[in-house]
Amino acid sequence: MALKIFNTLSGEKELFSPLTEGEVRMYVCGVTVYDSAHVGHARSLITFDVIFRYLKFSGHRVEFVRNFTDVDDKIINKANEEKVGWEKITARYIEEYYRDGEMLGLLRPTAEPRATLHIPDIIALIERLEAKELAYRVDGDVYFPVERFAGYGKLSGKKIEEMEAGARVEVDERKKSPLDFALWKSSKPGEPTWDSPWGPGRPGWHIECSAMSTKYLGQPFDIHGGGRDLMFPHHENEIAQSEGAFGKPLARYWIHNGLLTVNGEKMSKSLGNYFTIQEILQVHDAAALRHLFMGSHYRSPVDFSTEALEEAGRATDRIHETLARAGQSLKPGAEAIPEAGLMDAFRSEMDDDFNTPRALALIFDEARALNRSLDEKNSKGLEGRAAALRSMCDALGLLHSGYFERKKERWLKKGIVNREEIESLIARRDGARREKNWPEADRIRQQLRDKGILIEDTPGGTLWKVK
RNA sequence: GGCGGCGUACCCAAGUGGUUAAGGGAGAGGUCUGCAAAACCUCGAUGCAGCGGUUCGAAUCCGCUCGCCGCCUCCA
């Protein structure tokens, strides 16, 4: 068994072997912090969180770097709109981003560098490119001449001539090719500015990733990831800059996650068809969102809808229900070893380019088998199998403690019922049941049901949960 | 226009040359239950957009047709 990864660079699944045995260096493009992150960002975040988790799960030491782009036109525009400094904008959204990440159950990367804290590294890289005649100045701007880099287009499979012919951009006459991109931009008054050999200005978008990835991970490093939409031009430009500057590959495996769509169209700010992560998490559990994403392969598009999310939520309920049930009937404190056969099966699914849909199928198969054993009061091998189920879910980040309690909280917050009301209705119903007053007991149950509360009579007493 | 991808049951979705086409949701029937809920059991595509072809054998390879999407512009 060995991990295979689909490498965008080759267009094929390849056997993954890190540069250093047992160690993986991974860089993923993060977000530009000018607005709240939406569910599309969440997909990318969760995809690479799972990859991070699984690489660790399979015994690697992982250096995982994800950046913040904290200097950009959109940030400046937002600052101007609100008449505040740009640092206020980036600070606000970085803070929001950390809160989102925590709620999504993301593992923290090993480093989360910001562009503005790496200006010297960026300048040094541009100088290096300039020395190799891979940069030219136009007024206070510095551009990268794409036709001077032979491999331009190798990641996205595009050809310079074809792109120039079909260019839809308004052509900047000062550039040698419409595809040339800015390494450094001169700044207008009031914009973020740093001194540089080319005059006061700020870095272009792509250069920060080249500078920071290599600074933290060396060159080449093992995995570079990001959303499909970053493949061109962003990642192509990163390759041009880094490989142009150092004459060696930037990254060995390129991973791109598929995009999130809404009614079949890409979720994006410009289309206005997006939900922020916060909006969604007020109504749904992060585990359900993650489950929704895990249900499709990371490279496929996923169509987002609240119906799909609710459906994923019902599936997530089942897993947590099973886990809770298994937890109750196991000896407390017993340190069980996950059942080896199950773990092997899980690994072989995940080793196939992180095939989470198949891994989920395995999880459900085992959930059913476990429930069956529990129904039959057959405790043989139960601990090991429950531990395996738990471990598989954990490797996907699906284990969110307090899952049902959060579900209750979300419902109670709507103000339709409160706990006291539920408890007293249940007490009254229990009284009716003791007297075998079934019509009254059923009437109370219906009353609760109308308020979204389901009653469950168990040997240990009456429990309630949210519908 | 160029490049890439997708079309599998009511819905979502794996599978990409070879036993009965995973799994989830919804639905139907059943076991359990005072009745429920949960759980479990059973049933759901002789067929994988359509048409041709290659092959002993195709959802899986090739060709054409139809439909949808992404990138080529900031974008996870």
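Modeller: Let's start with "buried": a residue gets that label under 20% relative accessible area, "exposed" is over 50%, and "partly exposed" is in between (1.4 Å probe, protein chains only). This is a predicted model, so local features need pLDDT of at least 70 and side-chain atom pairs count only at pLDDT 80 or more, while totals for chains, interfaces and linings use all residues. Residues are numbered from 1 along each chain as its sequence is written, chains are lettered from A and ligands numbered from 1 in the order in which they are written, and side-chain values use heavy atoms, leaving out hydrogens and water.

Biologist: Which residues of helix α14 are buried?

Modeller: In α14, residues 403–412, the buried ones are Tyr-403, Lys-407, Lys-408, Arg-410, Trp-411 and Leu-412. A helix here is a DSSP run of H or I with at least four residues, a strand is a run of E with at least two, and both are numbered from the N terminus. Those buried residues pack against α8, α9, α10, α15, β14 and β15.

Biologist: What makes two residues count as being in contact?

Modeller: They have heavy atoms within 4.5 Å. Take contacts in chain A between residues at least 6 apart in sequence: 76% join residues at least 24 apart.

Biologist: How many helices and strands does chain A have, and what share of its residues is buried?

Modeller: Chain A has 16 helices and 15 strands. Of its 467 residues, 53% count as buried.

Biologist: Which domains does the assignment give chain A?

Modeller: There's domain 1 (4–266), domain 2 (284–395) and domain 3 (415–466). The bounds come from an automatic or database domain assignment. Taken over C-alpha atoms, the centres of domain 2 and domain 3 are 30 Å apart.

Biologist: Why is Val-142 called buried?

Modeller: Its relative accessibility is 0%, so Val-142 falls in the buried class. You'll find Val-142 in strand β6, residues 141–144. Leaving aside residues up to four places away in sequence, Val-142 touches several others, including Ile-126, Tyr-136, Phe-181 and Trp-198. Trp-184 is another of these partners: along the chain Val-142 and Trp-184 are 42 residues apart, yet their C-alpha atoms are separated by 5.0 Å.

Biologist: How do you know that strand β9 is largely enclosed by the rest of the structure?

Modeller: Count its residues: seven of the seven in β9 (221–227) are buried, so the rest of the structure largely encloses this strand.

Biologist: What makes two strands a pair?

Modeller: DSSP has to find at least two bridges between them. Strand β3 (residues 23–28) runs parallel to β9 and is joined to it by three bridges, so by that rule they pair. Here Tyr-27 stands opposite His-224 in β9. There's also strand β10 (residues 251–257), which pairs with β9 in the parallel sense over six bridges. His-224 stands opposite Trp-254 in β10.

Biologist: Why are β12 and β13 called edge strands?

Modeller: First, the sheet itself: three strands make an open sheet with mixed pairing, in the order β12-β11-β13. β12 (265–266) and β13 (302–303) each pair on one side only, and that's what makes them the edges. Strand β11 (residues 260–262) runs antiparallel to β12, with two bridges joining them. Thr-261 stands opposite Lys-266 in β12.
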